[in-house]
Amino acid sequence: MATLLIELQAPLQSWGYRSRFTERDTGQEPSKSGVVGIVAAAFGRKRNEPVDDLADLLFGVRVDREGIVKKDFQTAQNIIKADNKGFKDTELTNKYYLCDAAFVAGFEGEKEKLLQIRDALLNPVFPSFLGRKACIPCKPLINTSVPHLIDVSLLEAFKVYPLIATASAKMDHVRIVYDAPWDSDSVSQDIRTDVPVSFDRKEYLKRKVISDWIPKPVGKEQQ
């Protein structure tokens with residue numbers, strides 16, 4: 001058992017959970033489907049190829065800096081109508097983004113698989129985007145200057161991995177969100193439909209997550 005840690009930073013990020021039609025939302029932290037999609041793209045997998053080996057890994061996110069949600073009003077042209085009979089000339093849409101957020105995402109699983117993921121992210125076949133193609137990472141996803149593949153659990157890894165940005169509101173703790181067993185019982189649990197089955201068919205399963213707080217790790221703010 002080991003954990004691979006991935007840094008997600010960009011001026012804009014967008015992680016839709018319930019996006020439909022003209023309202024394109026963003027969650028407050030990266031979705032499992034979004035990060036699995038980044039890894040699948042790094043491997044060079046097409047949208048119709050299986051991703052169950054990635055989706056089965058234990059996943060979590062540490063929020064080093066909360067993003068500010070902003071709305072972008074856009075128009076799109078030549079949109080296929082719902083009945084597939086022709087195109088609309090113009091469609092109005094609201095797209096939401098997280099501005100100036102910083103996250104550490106983690107996968108826990110067999111070390112051999114995590115090594116393969118690490119190598120793919122260091123030499124990706126397809127480029128990485130943080131939720132949408134307009135959201136380009138401002139730094140490499142794997143920070144080779146610090147230990148990023150470590151032989152501890154996901155939660156322990158979040159406690160020791162260096163802080164990557166000034167923490168929100170200079171708090172003493174940072175927020176974490178991570179996969180939880182279905183029989184777990186917590187007042188801070190939630191259900192999310194973001195475990196990818198097929199990106200081609202846009203098919204997703206549910207997972208249970210728990211939100212918690214951990215002491216702020218040593219990092220940029222203390223150096």
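Predicted model: local features only at pLDDT ≥ 70, side-chain atom pairs only at ≥ 80, totals over all residues.
1. Helix 1 itself has 12 residues. From its first C-alpha to its last it reaches 17 Å, close to the 16 Å expected at 1.5 Å a residue. The helix is mostly covered, with 9 of its 12 residues buried. These are Lys32, Ser33, Val35, Val36, Ile38, Val39, Ala40, Ala41 and Ala42.

2. Helix 3 also deserves a look. It has 12 residues and spans 16 Å between its first and last C-alpha, close to the 16 Å expected at 1.5 Å a residue. Lys113, Leu114, Ile117, Arg118, Ala120 and Leu121 are buried in helix 3. Viewed down the axis of helix 3, the buried residues fall within an arc of 165°, so they line one face of the helix. An α-helix has 3.6 residues a turn, so residues three or four places apart point the same way.

3. What covers that face? The cover over the buried residues of helix 3 includes strand 1, helix 1, helix 2 (52-55), strand 7 and strand 8 (149-150).

4. How do helix 1 and helix 3 pack? Their axes lie 8 Å apart, at an angle of about 75°. Helix 1 and helix 3 are therefore roughly perpendicular to each other. On the helix 1 side, Ile38, Val39, Ala42 and Phe43 take part; they meet Gln116, Ile117, Ala120 and Leu121 of helix 3.

5. Now the cores. The largest nonpolar core has 34 residues, and Leu8, Phe107 and Leu121 touch the most other members. At least two residues each come from strand 1 (2-9), helix 1 (32-43), strand 4 (58-65), strand 6 (87-99), strand 7 (102-109) and helix 3 (111-122). Helix 1 gives the largest share of this core, 6 residues. Another core, of 18 residues, lies apart from it; Leu154, Ala157, Leu163 and Ala165 are among its members.

6. Last, a loop residue. Ala10 sits in the loop between strand 1 and strand 2 (12-13). Is Ala10 buried or exposed? Its relative accessibility is 5%, and buried means under 20%, so Ala10 counts as buried. Beyond its neighbours within four places in sequence, Ala10 is in contact with Asp100, Ala101, Leu130, Ile136, Pro137 and Cys138. Ala10 and Cys135 are 125 residues apart along the chain, yet 6.8 Å separates their C-alpha atoms.

Conventions: Residues numbered from 1 in each chain as written. Heavy atoms only, no water. Core = buried A, V, L, I, M, F, W, Y, C linked by side-chain atoms within 4.5 Å. Buried < 20%, exposed > 50% of the residue type's maximum accessible area, 1.4 Å probe, protein only. Helix = DSSP H or I, 4+ residues; strand = E, 2+ residues; numbered from the N terminus. Expected span 1.5 Å × (residues − 1). Arc of directions from axis to C-beta. Contact = heavy atoms within 4.5 Å. Axes fitted to C-alpha atoms, helices over the stretch in contact; angles between N-to-C directions. Parallel < 35°, antiparallel > 145°, perpendicular 65-115°, else oblique.
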